[in-house]
Amino acid sequence: MDRRDFLKKSVAGMTLAAGVKSAEAQDVYAGVIIPGEKYSDGRAGDVSNAVEDHLKVEGYVKEPSHRIPVVLSADVVVVGGGPGGVAAAISAAREGASVCLIEKTSYLGGLWTGGLVLPVLATHARDKSGNYSRAIGGICKELCDELLKDGWAVNEVSPRVDPEATKYLLDKVVQEAGIRVIYNATAAGVTMSGNRVESVLLDCNTGRLAVKCKMAVDASGDGCLFNWTGDPFESRRYHISTSYLMGGCKGKKMGGGVTPNEDMKFATIGTRAPEDGLDVFRVSDLLQRHRIDLWDRIEKLRQQPETKDVYLMEVAPTPGIRVTRVLESLHNITMEESMEWTEFDDVVGMSGACDPFDYKGRRITKKDRPIWQIPYRSLLPRQTANILVCGRCFGYDQALTWDAREISTCMVTGQAAGTAAALSVAQRCAPRELDVKRLQNRLLAAKVRLNF
């Protein structure tokens with residue numbers, strides 16, 4: 001049973017017990033595309049930050065020009081410390097590059113840890129022999145194996161992790177790799193020379209700072225880097241959710257997703273309609289309403305004799321925004337390519353299946369869905385010479401959203417992007433000029449699966 005299944009059971013069970021209804025915080029399970037809804041605004045990316053596309057603008061002010069101190073230089077700067085960014089930073093460091101990892105929160109893991117999206121899905125799918133086999137290797141498997149070994153995760157196919165143990169492991173691994181992590185720093189822009197990023201600008205309590213780089217990896221989840229560089233993208237919409245942990249669940253007959261701690265379960269609520277994750281006012285309203293709704297739900301649950309000891313342990317501090325900006329890369333992967341065993345000469349990883357869906361009039365289950373390849377071109381923007389993109393904002397078509405944005409796929413694209421960034425620094429070339437065979441050999445040496 002994966003996250004979708006037990007979230008569906010979880011919220012159904014809680015609705016019976018709590019009897020709570022809310023137009024803003026409905027019982028949903030993550031990643032389902034609702035037929036008939038429009039999930040993209042259909043616009044190509046703008047060369048500005050396109051605030052007007054998402055918010056009503058009342059006017060403008062002009063920021064005074066000022067000098068920004070350069071506090072660090074690194075071969076590779078990774079923006080975003082979620083699963084993709086961590087994999088990118090680790091792989092770049094292991095290739096010998098100096099690496100700076102910028103994270104806006106105070107922990108690593110993004111939605112995996114702070115968003116309480118605990119299961120690692122899309123790790124398996126059907127191979128050409130018809131077997132349900134592992135698509136994901138490399139850093140993703142390495143981290144999951146470590147969590148499973150120490151009892152910090154359960155279920156080998158779709159590991160469901162302890163979020164605090166995962167934060168600990170990620171900190172430990174990036175520290176051992178010699179990566180400079182900057183927490184509580186929001187990437188706020190770039191400086192450029194021609195079509196190259198020279199530095200990434202940060203906002204933090206110290207003030208505005210600059211970190212110089214030779215290569216940059218956009219693992220922000222929201223395409224912040226390629227938005228600032230003016231590379232084309234599509235702004236997409238999807239439902240927004242909030243996950244939460246319940247304590248006191250041991251021995252209780254109630255819904256909720258299984259975790260490594262038998263006293264703890266997790267579940268998710270959210271909107272059924274597609275939402276604009278770049279509308280800060282709407283997202284803020286949803287987060288507030290979700291927290292209030294969850295508290296009321298648990299209090300009603302506690303009024304039932306069989307669940308009187310259950311309590312709200314944690315509401316995810318990171319909102320469940322699934323998709324916002326998606327890169328118009330050198331090649332955006334299509335659903336047809338993923339379903340028809342398309343082989344790419346520049347393959348840098350594979351992905352699996354996480355949810356049933358309809359394709360050409362046929363219901364495709366997880367065990368029917370083919371393993372699919374990810375080409376290097378899908379990580380490369382069309383204009384900027386020295387950035388790579390990984391995680392949920394790399395180049396893929398809308399129909400692929402549920403697989404492409406999963407934690408495992410984020411780590412696969414992150415490992416490829418980080419490895420390519422480090423090799424490009426070493427060869428003093430742009431990522432699109434990199435010898436792809438050399439990149440593939442390094443990925444194979446790191447136990448990344450590349451072939452069907």
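The legends below describe close-up views of a predicted model.

**Figure 1. Overview of the protein chain.** The protein chain of this predicted model has 452 residues, of which 59% are buried. Its secondary structure comprises 10 helices and 24 strands. Of the contacts with a separation of 6 or more, 74% are between residues 24 or more positions apart.

**Figure 2. Packing of helix α2 against helix α4.** Two packed helices are described by the angle between their axes and the distance between the axes. Helix α2 spans residues 83–94 and helix α4 spans residues 163–176. Their axes come within 9 Å and cross at roughly 25°. Angles under 35 degrees count as roughly parallel, and α2 and α4 are therefore roughly parallel to each other. The crossing of these two helices is left-handed. On the α2 side the contact is made by V86, I90 and R94, and on the α4 side by L170, V173 and V174. Sorted by class, the contact of α2 with α4 has 5 nonpolar residues, 1 charged residue and no polar residues.

**Figure 3. Packing of helix α2 against helix α9.** The axes of α2 and α9 come within 7 Å and cross at roughly 30°. The crossing of α2 and α9 is right-handed, whereas that of α2 and α4 is left-handed. From α2, the residues P83, G84, A87, A88, S91 and A92 take part in the contact. They meet I407, C410, M411, G414, Q415, G418, T419 and A422 of α9. By class, this contact of α2 with α9 has 8 nonpolar and 6 polar residues, with no charged residues.

Figure 4. L423 belongs to helix α9, which covers residues 407–427. The relative accessible area of L423 is 2%, so this residue is buried. Leaving aside residues up to four places away in sequence, L423 touches E95, L434, R438, L439 and R442.

Figure 5. Helix α10 is formed by residues 436–445, and L439, Q440 and L443 are buried in it. These three residues cover an arc of only 100° around the axis, which puts them on the same side of α10. An α-helix has 3.6 residues a turn, so residues three or four places apart point the same way. The buried residues of α10 pack against strand β20 (347–351) and against α9. On the face of α10 turned away from the buried side are the exposed residues K437 and A445.

**Figure 6. Two loop residues with positive phi.** Most residues other than glycine have a negative phi. N184 has a positive phi, near 55°. This residue lies in the loop between β9 (180–182) and β10 (186–193). With a relative accessible area of 48%, N184 is partly exposed. Phi of R428 is also positive, near 55°. R428 sits in the loop between α9 and α10, and at 81% relative accessibility R428 counts as exposed.

Methods. Residues are numbered from 1 along each chain as its sequence is written. This is a predicted model: local features need pLDDT of at least 70, side-chain atom pairs count only at pLDDT 80 or more; totals for chains, interfaces and linings use all residues. Side-chain values use heavy atoms; hydrogens and water are left out. Axes are lines fitted to C-alpha atoms, for helices over the stretch in contact, and angles run from 0 to 180 degrees between N-to-C directions. Helices (H or I, at least four residues) and strands (E, at least two) are DSSP runs, numbered from the N terminus. Angles under 35 degrees count as roughly parallel, over 145 as roughly antiparallel, 65 to 115 as roughly perpendicular and the rest as oblique. A crossing is left-handed if the near helix is turned anticlockwise from the far one by less than a right angle, and right-handed if clockwise. Contact means heavy atoms within 4.5 Å. Ala, Val, Leu, Ile, Met, Phe, Trp, Tyr, Cys and Pro count as nonpolar, Asp, Glu, Lys and Arg as charged, and the others, Gly among them, as polar. Buried means under 20% relative accessible area, exposed over 50%, partly exposed in between (1.4 Å probe, protein chains only). The arc is that of the directions from the helix axis to the C-beta atoms.
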